[in-house]
Amino acid sequence: MEKEVQVFKCENPEFDGVKKSIQLCKSDILRGLIQVVKKGGENNLHAHTGDDALWLVLSGAVKFYGEGDKLIAELKRHEGIMIPRGFMYWFESASEEPLEILRVSARDQNTENKRVNYTPLKPWQVDRYGDRA
């Protein structure tokens, strides 16, 4: 596989709905994206079987929860968390302004990566992804 440098620019376009993901770059083992989350854009309890992910708040604030809705972290601008593969979590915007959060994930090449949902999808997830989320 030929390797190429990827140059990207962070842009925050206006959008309808409660959540948008903007992919910045991607390789066979690494992926970078920004998620913009408005009130009501929280996700469901889930895990990724083959991705470790670093999350860094760019603006706004976020609350990350684990199993049983246990608060794991409440983060503000320039604070972050690393979620290891297989760890159950969900998060929500925790401020009036939309949350902008950077997600950088690394893929375990020896593990099939899939999302495992432990609670039902939120209505916006069903509307956007159907049963693929």
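Ser95 counts as buried because its relative accessibility is 18%, where buried means under 20% relative accessible area, exposed over 50% and partly exposed in between (1.4 Å probe, protein chains only). Keep in mind that this is a predicted model, in which local features need pLDDT of at least 70 and side-chain atom pairs count only at pLDDT 80 or more, while totals for chains, interfaces and linings use all residues. Residues are numbered from 1 along each chain as its sequence is written, and side-chain values use heavy atoms, with hydrogens and water left out.

So where does Ser95 sit? You'll find Ser95 in the loop between β8 (90-93) and β9; strands (E, at least two residues) and helices (H or I, at least four) are DSSP runs numbered from the N terminus. The Ser95 side chain makes two polar contacts worth a look (N or O atoms within 3.5 Å; within protein, one must be able to donate a hydrogen and the other to accept it, and residues adjacent in sequence count only if both atoms are side-chain atoms). One goes to the backbone oxygen of Glu97, at 3.0 Å, and another to the backbone nitrogen of Ala61, at 3.4 Å. Setting aside neighbours within four places in sequence, Ser95 is in contact (heavy atoms within 4.5 Å) with Lys39, Gly60 and Ala61.

Gly60 makes a handy landmark for the next stop, Lys26. Lys26 and Gly60 are 34 residues apart in sequence, and their C-alpha atoms are 25 Å apart in space. Lys26 belongs to strand β1 and, at 48% relative accessibility, is partly exposed. Beyond the neighbours within four places in sequence, Lys26 is in contact with Gln6 and Arg31.

Now for the rings. The structure holds six aromatic pairs, a pair being rings of Phe, Tyr or Trp (its six-membered ring) with centres within 6.5 Å, called stacked if the planes are under 30 degrees apart, edge-to-face if over 60 and tilted otherwise. Take Phe64 and Phe91: their ring centres are 5.1 Å apart and their planes meet at 35 degrees, so this pair is tilted. The pair ties together distant parts of the chain, with Phe64 in strand β5 (residues 62-65) and Phe91 in strand β8, 27 residues apart. Both partners are buried: Phe64 has 0% relative accessibility, and Phe91 has 1%.

On a 1 Å grid over the protein atoms alone, a cavity is a set of points where a 1.4 Å probe fits but cannot get out, a pocket is an open set with protein on both sides within 12 Å along at least five of seven lines, and lining residues have an atom within 4 Å of a point. The largest cavity holds about 50 Å³, the volume being the space filled by probe spheres on grid points joined across faces, edges and corners. Its lining is made up of Ala47, His48, Asp51, Ala53, Trp55, Ile83, Pro84, Arg85, Phe87, Tyr89 and Arg103. Seven of the lining residues are nonpolar, one is polar and three are charged (Ala, Val, Leu, Ile, Met, Phe, Trp, Tyr, Cys and Pro count as nonpolar, Asp, Glu, Lys and Arg as charged, the others, Gly among them, as polar).

Follow Arg103 out of that list. Arg103 is in strand β9 and is buried, at 6% relative accessible area. The Arg103 side chain makes a 3.3 Å polar contact with the side chain of Ser105. Not counting residues up to four places away in sequence, Arg103 touches Arg31, Gly32, Leu33, Gln35, His48, Asp51, Ala53, Leu54 and Trp55.

What is the volume of the largest pocket? About 550 Å³. Of the 27 residues lining this pocket, those closest to its centre are Arg31, Gln35, His48, Arg103 and Arg115. The elements giving two or more residues to the lining are β1 (19-26), β2 (30-37), β3, β4, β9 (99-107) and α1 (123-129), and β2 gives the most, with four. By class, the pocket lining divides into nine nonpolar, nine polar and nine charged residues.

Asp69, in the loop between β5 and β6 (71-75), has a positive phi of about 60 degrees although it is not a glycine. Asp69 is exposed, at 52% relative accessible area. His78, in the loop between β6 and β7 (80-83), is another non-glycine with a positive phi, near 70 degrees. His78 is exposed too, at 53%.
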